[in-house]
Amino acid sequence: MKLSNDRSGLLMGAPGPWKMANPVRGYDWGCTGALAALQGREPSGQPEAELWMGAHPAASSCLRQPDGNEVSLAAAIHADPVAVLGQECTTRFGARLPFLLKVLAVARALSIQVHPSQAQAAAGFAGEQAAGIPQAERSYTDPHAKPEMLLPVTDFAALAGLRPRRQVIQMLTSLNIPALRPVLAALESGTGQAGPAGVLAMLAAWPRAQRGALARSICERAHGLLSATAASLDPDQRSSLEWVITLAGQHPGDPLVVAPLLLGLHRLRPGQPIYLPSGVPHAYLSGVGVEIMASSDNVVRGGLTSKRVDSRALADLLDPDAAPWLAVPWVTLSPDEVRWQPPVPDFALSRVVVDNVPVTLFREPDDLAGPEVLLCLNGRVTVSSDGRDVSLEGGQSAFLSASASPAVLDGGGQVYRATVGRTHACPTRRAAAPPRKYDSP
């Protein structure tokens, strides 16, 4: 197999493994040192939020050639999609890598956001294309859904999913803020946009002139409740109010600092996944994790951000019945590998523990085999396939095309393996719970 980059004329000449050069995305909520520490380099001095591994057009990874040059993975796929992705993957998803693997380093809260379903993304993108809306003003940047799953590697905090109506009423009543009385009346009556989804949308669209005053009132009342009633609060109430105050410090003037009282607060330990289907409002709050998602950048934001907010699109996309999955289906592929498989075709994520004994990775039959990305989270691991070896250390990754032979991992460390999703049975039985060796990084 020979793949060429149309611009450079370089030949890849083999199915892999290929060491990847991956972009780091510097969003304002990122950590200044976590990704640098992962990769064993000096910090840049700026927030570094996400390490991307994939072929997304906004920031494609590159494949390093023996002569030191690099070939864009997106360009390699464009040159010969079947050779890189395989016939089955290309038939299902077209000439695009269907997944994007990331490492997230969260120091400040991400925006309150929601992702569209496939039908919503296709319709929204087509409508904005036809209307000629500039890219910077769009809510839909591509025609694809963006389900995602995160596997924490440190303690991780997230807001995800709407709280039950009665719980939201209790939380907002405790604030005793006059400006929120109409919101509470609607919740109590159960009419119109009365549910928690409607409240979230109303706060996202709160009149600009009144936003700062409402945000200050929310923060002041949260302080007051913690000072006066801390002993009577349950742990969830106390943590939620503490996060209200934290968010008010990070995003002063935004009424959605009240989000911890509207959305479920999840404290995830290392190795405990969370899967977010379309329609689920969410915001990551703190921690480091490996995230895999469908390769899309459709993010509709409602607040807690310096980026564009679209409260109308947020209201349209919020699904009152959608909820995060905290029990993601998984299987043991071998004594060394566990695979989490959410109910989507775009991706699956495995974690492989390599302990100085060679591990041969299970691979689909030739007619189903697809591309893979292997990320070494820590330690040092050699990836071997088709007579080629690539050595990976913390924060480094390798790419294998669909025609590569099953990879063999050797050395010591943890490897996260991104593949196309599967719905058929895996070769070994499903266990009652993952082995203890997978509980922590």
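Leaving aside neighbours within four places in sequence, R163 is in contact (heavy atoms within 4.5 Å) with V168, M171, P196, D236, S240, P260, L261, L262, L263, G264 and L265. The structure is a predicted model, in which local features need pLDDT of at least 70 and side-chain atom pairs count only at pLDDT 80 or more, whereas totals for chains, interfaces and linings use all residues. Residues are numbered from 1 along each chain as its sequence is written, and side-chain values use heavy atoms, with hydrogens and water left out.

R163 is located in the loop between β9 (156-162) and α6 (165-175); helices (H or I, at least four residues) and strands (E, at least two) are DSSP runs, numbered from the N terminus. The residue R163 is buried, at a relative accessible area of 5%, where buried denotes under 20% relative accessible area with a 1.4 Å probe and protein chains only. Its side chain reaches the backbone oxygen of L263 at 3.0 Å. The side chain of R163 also makes a polar contact with that of S240 at 2.9 Å; such a contact is a pair of N or O atoms within 3.5 Å, one able to donate a hydrogen and the other to accept it, and residues adjacent in sequence count only if both atoms are side-chain atoms.

Strand β6 (residues 99-106) is mostly covered, with eight of its eight residues buried. F99, L101, V103 and A105 point one way from β6, and L100, K102, L104 and V106 the other way. Strands pair if DSSP finds at least two bridges between them. Four bridges join β6 to the antiparallel strand β3 (residues 50-53), and M53 has L101 as its bridge partner in β6. Eight bridges join β6 to β12 (residues 282-294), also antiparallel, with V106 opposite G287 in β12.

Definitions and conventions
Buried means under 20% relative accessible area, exposed over 50%, partly exposed in between (1.4 Å probe, protein chains only).
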